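Here is a briefing on one protein model. Have the sequence and the coordinates open while you read.

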Amino acid sequence: MAETTTASSDETLEQIVERTGAAMRAGNFDAANDIAKQALEAGMDHPFLLKARGLWLNANNEHQEALRAFHHARELAPDDPLALNGIAAVLGAMGQYRPALKVLDEY
C-alpha cells in the first residue's frame, strides 16, 4: 500500500510524527516534508516536524525558511542537539562558517 502524505484530521500528533519518521527512514524526504508541512500548517507544533521540514528546506536551498524551522524547533526543545546541528548546517550552507561553529560550541 502506498504511504499517504497528507495528515488526516483524526490522526494524533504522535501518529503524524511517526509517519514523518517512517518516510524519512525510507528515504522519502519529499513525503516526510509534505506530512510535516501539512501538520505544521494545521497548527501541530512539534520539534521533530520542524526539523524534518528544516532538513527539506535546507536541501532545497530555502535557507531562511530552514533557519526559521530549526530555531522554532530549538525554542520547543532547547536541549535538542539536532536542532542546533540543523541551525549550524544551514549557516554552513549559507557560507556563514564562523556563526555555524559558534552554534555548535553552544552544545
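Arg25 is exposed, at a relative accessible area of 61%; exposed means over 50%, buried under 20% and partly exposed in between, with a 1.4 Å probe and protein chains only. Its side chain meets that of Glu18 in a salt bridge, at 2.7 Å from N to O. Glu18 counts as partly exposed, at 45% relative accessibility.

This is a predicted model, in which local features need pLDDT of at least 70 and side-chain atom pairs count only at pLDDT 80 or more, while totals for chains, interfaces and linings use all residues. Residues are numbered from 1 along each chain as its sequence is written, and side-chain values use heavy atoms, with hydrogens and water left out.

**Overall fold**

- The protein has 6 helices and 0 strands. Helices (H or I, at least four residues) and strands (E, at least two) are DSSP runs, numbered from the N terminus.
- The order of elements from the N terminus is α-α-α-α-α-α.
- The radius of gyration is 14 Å, close to the 13 Å that the globule rule gives for 107 residues, so the protein is as compact as a globular protein of that length. The radius is taken over C-alpha atoms, and the rule is 2.2 Å times the number of residues to the power 0.38.
- Along the principal axes, the C-alpha atoms fill a box of roughly 45 × 25 × 20 Å.
- Of the 107 residues, 38% are buried.
- Take the contacts between residues at least 6 apart in sequence: 43% of them join residues at least 24 apart. Contact means heavy atoms within 4.5 Å.

**Salt bridges**

- The structure holds 4 salt bridges. Each needs a side-chain nitrogen of Lys or Arg within 4 Å of a carboxyl oxygen of Asp or Glu.
- Side chains of opposite charge can pair when their charged atoms come close.
- Lys51 and Asp80 form one of them, at 2.4 Å from N to O. This pair links distant parts of the chain: Lys51 sits in helix α3 and Asp80 in the loop between α4 and α5, 29 residues apart.
- Lys51 and Asp80 are both buried.
- Glu65 and Arg68 form another, at 2.6 Å from N to O. Both residues belong to helix α4, 3 residues apart, or about one turn of the helix.
- Glu65 is partly exposed, with a relative accessible area of 39%.

**Helix α2**

- Helix α2 covers residues 29–41. Its 13 residues reach 18 Å from first C-alpha to last, close to the 18 Å expected at 1.5 Å a residue. The expected span is 1.5 Å times one less than the number of residues.
- The buried residues of α2 are Ala31, Ala32, Asn33, Ile35, Ala36 and Ala39. Their cover includes α1 (13–25) and α3.
- Gly43 follows α2 and has a positive phi, near 95°.

**Helix α4**

- Helix α4 (residues 63–76) has 14 residues, which should span 20 Å at 1.5 Å a residue; its end C-alpha atoms are 20 Å apart, which agrees.
- Its buried residues are His63, Ala66, Leu67, Ala69, Phe70 and Ala73. Seen down the axis of α4, they fall within an arc of 165°, so they line one face of the helix. The arc is that of the directions from the helix axis to the C-beta atoms.
- Among the elements covering these buried residues are α3 (47–59) and α5 (81–93).

**Helix α5**

- The 13 residues of α5 reach 18 Å from first C-alpha to last, close to the 18 Å expected at 1.5 Å a residue.
- Ala83, Leu84, Gly86, Ile87, Ala88, Val90 and Leu91 are buried in α5. Their cover includes α3, α4 and α6 (97–105).
- At the start of α5, a side-chain oxygen of Asp80 comes to within 2.8 Å of the backbone nitrogen of Leu82.
- Gly95 follows α5, with a positive phi near 80°.

**Gly54 in helix α3**

- Gly54 lies in helix α3. At 0% relative accessibility, Gly54 counts as buried.
- Leaving out residues up to four places away in sequence, Gly54 touches Ala66, Ala69 and Phe70.
- Gly54 and Gly86 are 32 residues apart in sequence, and 7.3 Å apart in space from C-alpha to C-alpha.

Terms used. Polar contact = N/O pair within 3.5 Å; in protein donor to acceptor, adjacent residues only side chain to side chain.
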